[in-house]
Amino acid sequence: MSAHPAGRRHLAELAGPLAELHEQAPVLEAWGRRLGHVLMGGGRLLAAGNGGSAAQAQHLTAELVGRYRDDRPPLSAVALCSETSSLTAIGNDYGIADVFSRQVQAHGRAGDVLVVLSTSGRSPNVIAAAEVAGERGMRTWALTGPSGNPLAEACDEAIGVESRHTPTIQEIHLIAIHLICASVDEALEAAGAMSMLDGGLR
């Protein structure tokens, strides 16, 4: 039998982590509410990850700059992994370990939020970004693989997915991202911000 589940075994592998995510839903909803208030107050979200987690980070920021569910003004959110010229310049001049942390130094301000994603929780460049963000007074949240990893320890709060399989972790992370985005929209709606004119939030 393959070490990586496929077909129905792939679907069955999601059951346990999905049930655990159900228990973590209040945490994700609280993150979304806090993020909504930060963005309404003129703050910014930064997000980072490598590989598939980079795509997840971009997915998160796209839902906020565009929209997730309801029409609303655009929100300030930047996926650091999508800044290709910055990534290559920093990687070339300073090394891959600094590609995110240097961007956090450039764009992050006290009170902003950094969301970092890593299926292993051990990516040095993502950990470095979380550490710099913490030093700058930013709020740091992590979505990781199995708990007890260095990235979770470097962040203010973290949600780990207890699975050995990277695809399963990524799929649960996507659901977590959608729960955060839904909570952001609800926070804006509760504050009466959904009908504000574009540019009214920042």
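1. With 202 residues, a compact globule would have a radius of gyration near 17 Å, and the protein chain agrees, because its own value is 17 Å; the radius is taken over C-alpha atoms, and the globule rule is 2.2 Å times the number of residues to the power 0.38. Along the principal axes, the C-alpha atoms of the protein chain fill a box of roughly 55 × 45 × 25 Å.

2. A word on the basis of these values: this is a predicted model, in which local features need pLDDT of at least 70 and side-chain atom pairs count only at pLDDT 80 or more, while totals for chains, interfaces and linings use all residues. Residues are numbered from 1 along each chain as its sequence is written, and side-chain values use heavy atoms, with hydrogens and water left out.

3. The protein chain has seven helices and five strands, where helices (H or I, at least four residues) and strands (E, at least two) are DSSP runs numbered from the N terminus. In sequence order these elements give the pattern α-β-α-β-α-α-β-α-β-α-β-α.

4. Of the 202 residues in the protein chain, 46% are buried, a class that means under 20% relative accessible area, with exposed being over 50% and partly exposed in between (1.4 Å probe, protein chains only).

5. Two packed helices are described by the angle between their axes and the distance between the axes. Helix 2 (residues 52-65) packs with helix 7 (residues 166-190) at an angle of about 15°, and their axes are 10 Å apart; axes are lines fitted to C-alpha atoms, for helices over the stretch in contact, and angles run from 0 to 180 degrees between N-to-C directions. The two helices are therefore roughly parallel to each other, since angles under 35 degrees count as roughly parallel, over 145 as roughly antiparallel, 65 to 115 as roughly perpendicular and the rest as oblique.

6. Helix 2 passes helix 7 in a right-handed crossing, a crossing being right-handed if the near helix is turned clockwise from the far one by less than a right angle, and left-handed if anticlockwise. On the helix 2 side the residues that meet helix 7 include Gln-56, His-59, Leu-60 and Leu-64, and on the helix 7 side they include His-173, Leu-174, Ile-177 and Cys-181. By class, this contact of helix 2 with helix 7 has six nonpolar, seven polar and two charged residues; Ala, Val, Leu, Ile, Met, Phe, Trp, Tyr, Cys and Pro count as nonpolar, Asp, Glu, Lys and Arg as charged, and the others, Gly among them, as polar.

7. Helix 7 also packs with helix 1 (residues 7-40), here at an angle of about 30° and with the axes 6 Å apart. The crossing of helix 1 and helix 7 is right-handed, and the contact between them has 17 nonpolar, five polar and four charged residues.

8. Within helix 2, Thr-61 counts as buried at 7% relative accessibility. Leaving aside neighbours within four places in sequence, Thr-61 is in contact with Leu-45, Ala-47, Ala-77, Val-78 and Ala-79. Val-65, also in helix 2, counts as partly exposed at 41%, and, with residues up to four places away not counted, Val-65 touches Pro-74, Leu-75 and Ala-77.

9. Asp-156 sits in the loop between helix 6 (150-154) and strand 5 (157-160) and is partly exposed, with a relative accessible area of 45%. Beyond residues up to four places away in sequence, Asp-156 touches Met-138, Arg-139 and Thr-140. Gly-134, for its part, lies in helix 5 (residues 124-135) and counts as partly exposed at 42% relative accessibility.

Notes
Contact = heavy atoms within 4.5 Å.
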